[in-house]
Amino acid sequence: MTALPLTARLLREKLDYLLGPVLSSRRTAATLAEQMATLDRSQQDLVLHWVEVIAHSNYEMAYQFVAAAPVALKKLDTGAAEAWIIRAMDVYDREGLHRGSEVFRTIDAHPPSAADHAAATFEENAQVLALFACGLSGRRLQLDVSDEPHTDTETLYLPPRTAVFDNAAANFNLYKVLITLLWAQGRFGTFHVDVVAACANYADPQRAAALLSHFENLRLESRIGSTLPGIARDLARLRGNHDDPRLITLQSPDAVVQDSLALLADHYDTFELPVLPYRIALRPEAAATRAARMQRERSELAEALAQMLPEQPDDRKPEAAAADRIDIRAGLSAATGNMDIEVRIDGTSVSPPAAITQLIESIAQDAGEIPDDYLQAIDQRSNHQSGDETGPADGGDISPDEKGVSHLYDEWDYKRRHYRRDWCVLRELDVTAANDDFVAETLARYRPQVAQLKRTFEMLRDEDRLLKRQATGDDIDFDALVAGYADLESGMELPDRLLIRRHKAERDLAALFMVDMSGSTKGWINDAEREALVMLCEALEVLGDRYAIYGFSGLTRQRCEIFRIKRFDEPYSEDVKQRIAGITPQDYTRMGAAIRHLTKLLNNVDARTRLLISLSDGKPDDYSDHYRGEYGIEDTRQALIEAHRTGIKPFCITIDHEARDYLPHLYGPVNWTLVDNVERLPLKVADIYRRLTA
Amino acid sequence: MTEHFTDGNPIMATKISPLPAKALQTEARFIETEPYYEAAGNEIALFEAAYASQLPVLLKGPTGCGKTRFIEHMAWRLKRPLITVSCHDDLTAADLVGRYLITGNETVWVDGPLAHAVRSGAICYLDEVVEARRDTTVVIHPLADDRRMLPMEKHGELLQAPPEFLLAMSYNPGYQSVLKELKHSTRQRFVAIEFQYPASALEEKIIRTETGADSATAAALVRLAQMTRNLKGSGLDEGASTRLLVHAAKLIARGITPAAACHGAIAEALSDDPEMLQAIDEFASSVF
């Protein structure tokens, strides 16, 4: 039995509540509610659910959604509707309200087809597709989404979803084919000429570009066919296995983009474009990106080769130009599809480092070969340097302070069940060292406890020792032998445990402590945290485990901060002590990004066991973006799951009395502990660590 | 189900008769037939010169690129017995040199593989030497420099290696672990020969010779391997080795479809990650 649809009045009440901030006396929810009343109950529930979710991000988006939903839901089934919503929200995240709401308004522009239930989305397959693109040879390529498949030669833009066929595998396959075609454009020289400019000379540049794109696809298909016959078969099938005799020249392995342009000139007026399930755009960005890259790589290559060049012996005439000493041949081998690269310096063949090989490959991909003037750039470079020593360095346009320290991290939106891409901006900062006697005072106050702690930890220290009476071992255990011999004499059997084995200490673990530096720790919690860290460091120094300490805080997604207190490779020095003393409460607790960043750091350490231990005083929380509550908890949980998946063991020490309500959900039933008395925190933390690792 | 078992116990019916497994000498082993090896460069000449000059040899390279096959080939070529020790993280110096065992009323000294090799003038090959305990360097160092001596402390003996003896080790520099690095004091005693995956034409030839695969299959497998090698550092620690390609080609030769063979022999051997497995399967469907 299905529930009855909600009435317009009831719906209006709900919408008034959900959309309050964007409604006014002139813009009421009345019409929206009336349209919604025509839907059946399950559809109404779907709309209400998503309105709430979207309103968390933006009320106007939610309003636009409700306005579009009744029409859309008559056309789309649930799966397709959700895909539509997710896509709109992705566009909103990336390009803002205007473009995002456009997706809602232009539902008619993307008429749903029968294949919708079998659609493949970029989001779902991003990981596999990225790996696939990475496996293709040549320059490393990024993937991103765009309504029209195209490439700027460094990023391949793919449609957010493919729903051409009525089975999911075929729709996925379309992605694979598109990636390969876009990759082939860069690999096999589509952009060796400025194709967009070439099309601009025709009466209808759009038609010219579409024709050229089609011709290029045919040319690339035959190039792909020699190395990736599986994909070429797919391509042929997609275009109906029909070979147009006019275009036969494109099937030659030597065909280049100029051949496609020549065909375009011949057949511009008469050729009829076949209808294909995909259409690849040629965009002007490609030419611009290529030109910028060629300029950059020209100077990079000159720099790299100049460093490879051995010093010339003095007796040689100094004019021997670098360009005459180096010879580089690079070209695509038609048979294997590989780039063959040969570098000769002073007549002998050398094998350059991988970075230079990649550079040469990238240049050859853009220019078809290594142009002679690239080698001359080496000499121009040295002249330039000797003439003007204080001149700006090459590539000075990148400002390292900006690029070097900020990291982007995804964030999990549990309501959308998707990541928000590159959502959090995280910076690593140093704690301002405090120049006081905090550490010395702490040690003085807890002197007996510190001594006790050190003794306990010494007992834990795994040392090399001899194991006696072993069945296998390096040497004879004479005590056991004498005893055994006596047994033998008295008629018993000689025992087999007669050897000594050396036991090697193998306490191979690394621990990273992440300390809550949010504003809520202000006061005695902060003191207790700092004291706990002092005690912990004393204990860990005895134990010899590798450890690092980082603080975290944040104020909105744009300002997540990680504070370095002690890095893994840093000894427990005066500086570290002063930094511990200098830990001061900051802002909020956006934990997800912090966990993701520290996971990355911890994974750089080689250890059999890697522990991520957080010291916290409460739930994840942030000032805005609804991080407080379930969203923050779910994002943190997702970040912990990611960490766990990479082999890290997360653990949490908390002083929040309500921890029982949410920590088991975050860390699992046992991987957390509550210290209910803050004063005891300094003594407990080291002890917890001991139990955890014993 | 039950009527299936009425006429006699099916388990008893199939009597297991032992197959004549060839018992190999566990230690020194003469290689009687030529192991197939395709030289990629001058490694054979280099090895022979090092052997003649009584210099120990270090074979560097990723797994499955032919290091072990090369050493077998060289042992055959030089007509010396080969003793291979696969090093593991519990392998100590005593495991290499030897130890006393107790039998009945007396203790008996038993040579370890390294001592055995020194005495018999064999080639001793320590496979993946970085895996072994650090204390093995104590016995490797004096043997690997011009002293060519093996101290057997517990036995109170100092062995001088005959000219026929050769110490060889293998080492995979691809491990990105700081703990798995060879110490300089060790590596600088060796003549190092670097192994890489063979160039595509050579790798195709190896696959064809090892498995009888046709050249189209071999070429496709090599391209697949190159695609996985592009993923090194982006999800894979190592790309597909020549050994895996040979496995896949053997399965294909038995009538398994290329997709299934590549999945079993290559994808599953490289990764457990479902997305990576799918990506490798997509490579396979692209190259075949």
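This is a predicted model: local features need pLDDT of at least 70, side-chain atom pairs count only at pLDDT 80 or more; totals for chains, interfaces and linings use all residues.
Figure 1. Of the contacts in chain B between residues at least 6 apart in sequence, 70% join residues at least 24 apart. Chain B contains 12 helices and 9 strands. Of its 288 residues, 41% count as buried.

**Figure 2. Packing of helices α9 and α10 of chain B.** Two packed helices are described by the angle between their axes and by the distance between those axes. Helix α9(B), residues 215–230, packs against helix α10(B), residues 242–253, at an angle of about 140°, and the axes are 10 Å apart. The pair is therefore oblique, since an angle must be over 145 degrees to count as roughly antiparallel. The crossing of α9(B) and α10(B) is right-handed. On the α9(B) side the contact is formed by T217(B), A218(B), L221(B), V222(B) and A225(B), which meet L245(B), A248(B), A249(B) and I252(B) of α10(B). By class, these residues comprise 8 nonpolar, 1 polar and no charged.

**Figure 3. The side of chain A that touches chain B.** In this view, 22 residues of chain A are in contact with 29 residues of chain B. On the chain A side, the elements that give two or more residues are α7 (122–135), α11 (229–238) and β12 (475–476). Helix α7(A) gives the most, with 6 residues. The chain A side has 11 nonpolar, 7 polar and 4 charged residues.

**Figure 4. Helix α23 of chain A.** Helix α23(A) runs over residues 591–603. The buried residues are M591(A), G592(A), A593(A), A594(A), I595(A), R596(A), H597(A), L598(A), T599(A) and L602(A).

Figure 5. L499(A) and K468(A) are 31 residues apart in sequence, yet their C-alpha atoms are 6.6 Å apart in space. When neighbours within four places in sequence are left aside, L499(A) is in contact with Q470(A), A471(A), T472(A), G473(A), D475(A), I476(A) and D477(A).

Conventions:
Residues are numbered from 1 along each chain as its sequence is written. Chains are lettered from A and ligands numbered from 1 in the order in which they are written. Helices (H or I, at least four residues) and strands (E, at least two) are DSSP runs, numbered from the N terminus. A residue is buried if 20 or more other C-beta atoms lie within 10 Å of its own, exposed if 12 or fewer, and partly exposed in between; C-beta atoms are placed from the backbone. Two residues are in contact if their C-beta atoms, placed from the backbone, lie within 7 Å. Ala, Val, Leu, Ile, Met, Phe, Trp, Tyr, Cys and Pro count as nonpolar, Asp, Glu, Lys and Arg as charged, and the others, Gly among them, as polar. The expected span of a helix is 1.5 Å times one less than its number of residues. Axes are lines fitted to C-alpha atoms, for helices over the stretch in contact, and angles run from 0 to 180 degrees between N-to-C directions. Angles under 35 degrees count as roughly parallel, over 145 as roughly antiparallel, 65 to 115 as roughly perpendicular and the rest as oblique. A crossing is left-handed if the near helix is turned anticlockwise from the far one by less than a right angle, and right-handed if clockwise.
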